[in-house]
Amino acid sequence: MPKQHLDVIIIGGGLAGLISAIHLSKHNAEVLLIEKNNYPKHKVCGEYVSNEVLPYLNFLGFNPFEYEAKHISEFELTTHNNKHIKAKLPLGGFGISRYEMDFQLYKKALKNGIELFQDTVVDVNFKDDSFQVITKSNQILQSKIVIGAFGKRSNLDIQFQRKFIKKKSPYLGVKIHMSGDFPENKVALHNFKGGYCGVSKVENDHINLCYITNYEAFKKFKDIDAFQEEVLFKNSTLKQIYNNSIPELEKPLTISQISFETKKPVENHILMCGDSAGMIHPLCGNGMAMAIRSAQLASNLIIDYLQEKITTRKQLEALYVKQWKRNFSLRLKAGHTIAYLFRQDWLAPKLLEVLRRLPFLVPLIIKMTHGKPMKVSR
Ligand SMILES: Cc1cc2nc3c(=O)[nH]c(=O)nc-3n(C[C@H](O)[C@H](O)[C@H](O)COP(=O)(O)OP(=O)(O)OC[C@H]3O[C@@H](n4cnc5c(N)ncnc54)[C@H](O)[C@@H]3O)c2cc1C
């Protein structure tokens, strides 16, 4: 039975939730993290993390290379007519599965004394400057602050009637881990008609293949195998990787209704972190870094609020919105614009041809969707 009165309740134990929990535990805040699923668990994700988060992860006492993360420094893009573009990544990154990374962060949070409760939050009420969080198993918990870290699409988005949830989204994602040959220092984006597939290595020497496409392109085929055969494998590099590798998951993992609509970083007085606050197009490979960075922003402000350096909730919320926008608005816009341009069937091949002829533009575009190495103060 979890404690009933807390400083902070965090809803969702993905990257944003776990990082917030670990950060807040360093300042002895009374925190409860509620996650609906068990650990470890596979998630649909490209599993390439930008190095911008490394200084902060180290500050939190988490080193991904202890868990065999791969150092990634090279980038390759192939067009659906099989042309290659290569570039150095400006900052680089690392490859680690969500199965491993979330699990290790979960263990770290437990070790730091965070209380973790497995349940689904079904409602949150705000009254008399305090929150009441209600779970599926009928627990009613009170806290001064709630962090919403419940990901890109949750039952709570429906409960709170968030605007984006009312719009249908046409995107779906598929992930599979395979064993085979692939350079461990490379992340590749292989385009096909209607989408693209990210490829990079993670721990255990597995290759992560993760693609995103739209439902219109997918629905003409009877299943994933037929879609891959008829659409993905028109890209000969992708076909070669798939045909020369052995699946390591029983079947591919899928998610649908991926939305890139604008969200608000604060709703119903809840500080939203990670995908709950806004999702960058996966093409940019920066969603995890944004989840981690937003957790840092929220945690620092919450500590100031609990220590009464920030004296009103209004001030806390205004500061979070301001900092969130300053950190993420530009890269979200850049990400959406790039994804939009590459979705135009008539334009994408022309743009890719420009990049092939002027490869120095590639790192500049990547920089627009990424941040600088994170600063750590406390
Ligand atoms: C196809 C695809 C490829 C991607 N590739 C990359 C990539 O290569 N690099 C990158 O940086 N980013 C990538 N991303 C983005 C990245 O996966 C997300 O930005 C990141 O997972 C966000 O973390 P989060 O903590 O906000 O959400 P999540 O990791 O989704 O965590 C949310 C958690 O909340 C829990 N939850 C939800 N509702 C409730 C509830 N009511 N009660 C309790 N718990 C709840 C869920 O179970 C979940 O564990 C990709 C995304 C997609 C879709």
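User: Where is phenylalanine 328 found?
Analyst: Phenylalanine 328 is in helix α9. Helices (H or I, at least four residues) and strands (E, at least two) are DSSP runs, numbered from the N terminus. This is a predicted model, where local features need pLDDT of at least 70, side-chain atom pairs count only at pLDDT 80 or more, and totals for chains, interfaces and linings use all residues. Residues are numbered from 1 along each chain as its sequence is written.

User: Is phenylalanine 328 buried or exposed?
Analyst: Phenylalanine 328 is buried, with 21 other C-beta atoms within 10 Å. The cut-offs: buried is 20 or more other C-beta atoms within 10 Å of the residue's own, exposed is 12 or fewer, and partly exposed is in between, with C-beta atoms placed from the backbone.

User: What is phenylalanine 328 in contact with, leaving aside neighbours within four places in sequence?
Analyst: Gly278 and Met290. Contact is called when two C-beta atoms, placed from the backbone, lie within 7 Å.

User: OK, helix packing. At what angle do the axes of α8 and α9 cross?
Analyst: Roughly 155°, and the axes of α8 and α9 (residues 313–343) come within 10 Å. Axes are lines fitted to C-alpha atoms, for helices over the stretch in contact, and angles run from 0 to 180 degrees between N-to-C directions. α8 and α9 are therefore roughly antiparallel to each other. Angles over 145 degrees count as roughly antiparallel, under 35 as roughly parallel, 65 to 115 as roughly perpendicular and the rest as oblique.

User: Which handedness when α8 passes α9, left or right?
Analyst: That crossing of α8 past α9 is right-handed. A crossing is right-handed if the near helix is turned clockwise from the far one by less than a right angle, and left-handed if anticlockwise.

User: Which residues of α8 and α9 make the contact?
Analyst: From α8, Met290, Arg293, Ser294, Leu297, Ala298, Leu301 and Tyr305. From α9, Leu316, Leu319, Tyr320, Gln323, Trp324, Asn327 and Phe328. The contact of α8 with α9 has ten nonpolar, three polar and one charged residues. Here Ala, Val, Leu, Ile, Met, Phe, Trp, Tyr, Cys and Pro are nonpolar, Asp, Glu, Lys and Arg are charged, and the others, Gly among them, are polar.

User: And how do α1 and α8 pack?
Analyst: At an angle of about 35°, with their axes 8 Å apart. α1 passes α8 in a right-handed crossing. The α1 residues are Leu15, Ala16, Ile19, Ser20, His23 and Leu24. They meet α8 residues including Met288, Ala291, Ile292 and Ile302. By class, the contact of α1 with α8 has ten nonpolar, five polar and no charged residues.

User: How do the axes of α1 and α3 cross?
Analyst: At roughly 25°, and the axes of α1 and α3 (residues 98–111) come within 9 Å. That makes α1 roughly parallel to α3. The crossing of α1 past α3 is left-handed. Among the residues in that contact are Leu18 and Ile22 of α1, with Leu105 and Tyr106 of α3. The classes for α1 with α3 are eight nonpolar, one polar and two charged.

User: Switching to the ligand. Which residues come nearest?
Analyst: Gly12, Gly14, Gly46, Gly274 and Gly287, out of 40 residues around the ligand. A residue is near a molecule if its C-beta atom, placed from the backbone, lies within 6 Å of it. Elements that give two or more residues to the shell are α1 (15–25), β2 (31–35), β3 (48–50), α4 (155–159), β13 (206–214) and α8 (287–306).

User: Which one gives the largest share?
Analyst: α8, with four residues.

User: What about phi of glutamine 257?
Analyst: Near 55°, a positive value in a residue other than glycine. Glutamine 257 is in strand β15 (residues 253–258). Histidine 269 also has positive phi, near 70°. Histidine 269 is in the loop between β16 and β17 (270–272).
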